Amino acid sequence: MMIAGESLNWAEPLWFWALAAVPLLVGLYLLARQWRRQALDRLVAARLQPQLAGNVSAFKRRVRFALALAALAAFIVALAGPQWGYTMEEVKVRGRNVIIALDTSRSMLADDLKPSRFARTKLAAQDLVRALRGDRVGLVAFAGSAFLQAPLTVDEGAIINALDEIDIGIIPKGGTNLAEAIRVSLDAFGKGEGESRVLILFTDGEELDADVITAAKEAAGKVRILTVGVGSEEGALIPLTAEGGGTEFLRDRSGNYVKTRLDETKLKEVAELTGGFYLRLQNGREEMRQIVDRGVALAKESEGDARTSRLPITRYQWPLGAGILCLMLSMLINDRRRNGGRRTLAVALTLLALPAMARAETAKLPPDGPTAEKLRYFDRLLEQPRGDKPALHYNKGVIYFNNDDYPSAIASFSKALEGADQSLGPKVEYNLGSTLLKQALGKNGAEKKTDLKASIQHLEEAARLRPDHSDTQTNLEIARKELEKEEKKEEEQKKQDEQQKQD
């Protein structure tokens, strides 16, 4: 798999403006040579100049000036701070653990918040994720049931990508099971200090039952819950078709239109039971600021896993050494003619070649560092205006996959797929399909089936682009067999459920 190489950077690139002095000095040198010639013509007759002033070598003088000029240029480059490679510094990360839970029930399609409740919720959640930099953030989607969309991570990009993938209908079971969302979130937090945990629930609060109060009481002391109400008390109709284009609306069994309204009572109670607070989503950024300042910021920071920081290595010694060498050579060269002139010039040219040879020998890629530093390296390249963005995203996906971070790998491969060319496209399709398959093998039920279907789709495209790639065919066959097993399990479960109902 393709991995991009290291590049040369500069710590103080503004010093390169000083190189403008080089052509100025060349012009002054030429002007001084002309003045010197004119002065010599005035003092010494032309026929006597070879005898009286012929022992000065114009060539040596030019070489000496060129060496002094090269030394000046090398010193300026050294001041600019060339950086190549990096060193690793391990630090302990302190932060809070925050899980954002989003209601994906059909009532979130109501448009009493424009363009819809769900669209406004996703925008607010994105603002919240960006405001929580340094904290570990996870993502839970819930409706009639709940599941963990993204585990706790400090990777902001991975959470934003996972957030983009959430949509209405991602959970087939309807309703608003807030109790299940709380329990799934508690499981996602794992073991640790309750004072450092914050759960932020975005929901319209409809169809909540008494079980949510029980779940909130169980969560008290383990997590602080902040509830965000989405919608209005007046309510709105629920469209049956896609967001923004529906003409039909949900009706009850009597044929009357169903109107969904924000239910704030239980949302306030849930928040108060766990020491949190409730607010209604209106402006978006303003409410997210309140959540961070009044809620998350008050939580206790906990020490997380060790992270490594990459510090670039400034290689100023290279141009500095070359400049000192050029300066010494310019001082050693005598512009007077003598028998050893040719030998001195040969030695000078040989010494000038040494710095270039040293650079060629040392310009190698640094050894592989920790995973976090590799990812930061690619993030820095992605921030630059130029570069092969699809290849960089692809490389990040490779690193995530090798570290078993399948959600992040899927997000990176998906970005790489957007602009991949004909040579990279088949590789991305194969790796994306294989990652989805790997992730599916660790799941059960509807989540596993969803990943398997997506895996088959990408592996089939990879097989179409590269029909002779045996690994693609192998993984595609595995994915199809696993999907067939899941479908059989569903059929057997349905039969058992029907039999239990009959019994």
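Trainee: Is Tyr29 buried or exposed?
Mentor: In this predicted model, Tyr29 is buried because its relative accessible area is 16%, where buried means under 20%, exposed over 50% and partly exposed in between, with a 1.4 Å probe and protein chains only. Residues are numbered from 1 along each chain as its sequence is written, and side-chain values use heavy atoms, leaving out hydrogens and water. Local features need pLDDT of at least 70 and side-chain atom pairs count only at pLDDT 80 or more, while totals for chains, interfaces and linings use all residues.

Trainee: How many aromatic pairs does the structure hold?
Mentor: There are 4 aromatic pairs, and rings of Phe, Tyr and Trp (its six-membered ring) pair if their centres lie within 6.5 Å, with planes under 30 degrees apart counted as stacked, over 60 as edge-to-face and the rest as tilted.

Trainee: Why is the pair of Tyr29 and Phe65 called stacked?
Mentor: The ring centres of Tyr29 and Phe65 are 4.1 Å apart and their planes are at 10°, so this pair is stacked.

Trainee: And which parts does that pair tie together?
Mentor: Tyr29 lies in helix α1 and Phe65 in helix α3 (residues 58–80), so the pair ties together parts that are 36 residues apart in sequence; helices (H or I, at least four residues) and strands (E, at least two) are DSSP runs, numbered from the N terminus.

Trainee: What about Phe65, buried or partly exposed?
Mentor: Phe65 is partly exposed, with a relative accessible area of 22%.

Trainee: New topic: where does Trp35 lie?
Mentor: Trp35 lies in helix α1, which covers residues 21–43, and Trp35 is exposed because its relative accessible area is 54%.
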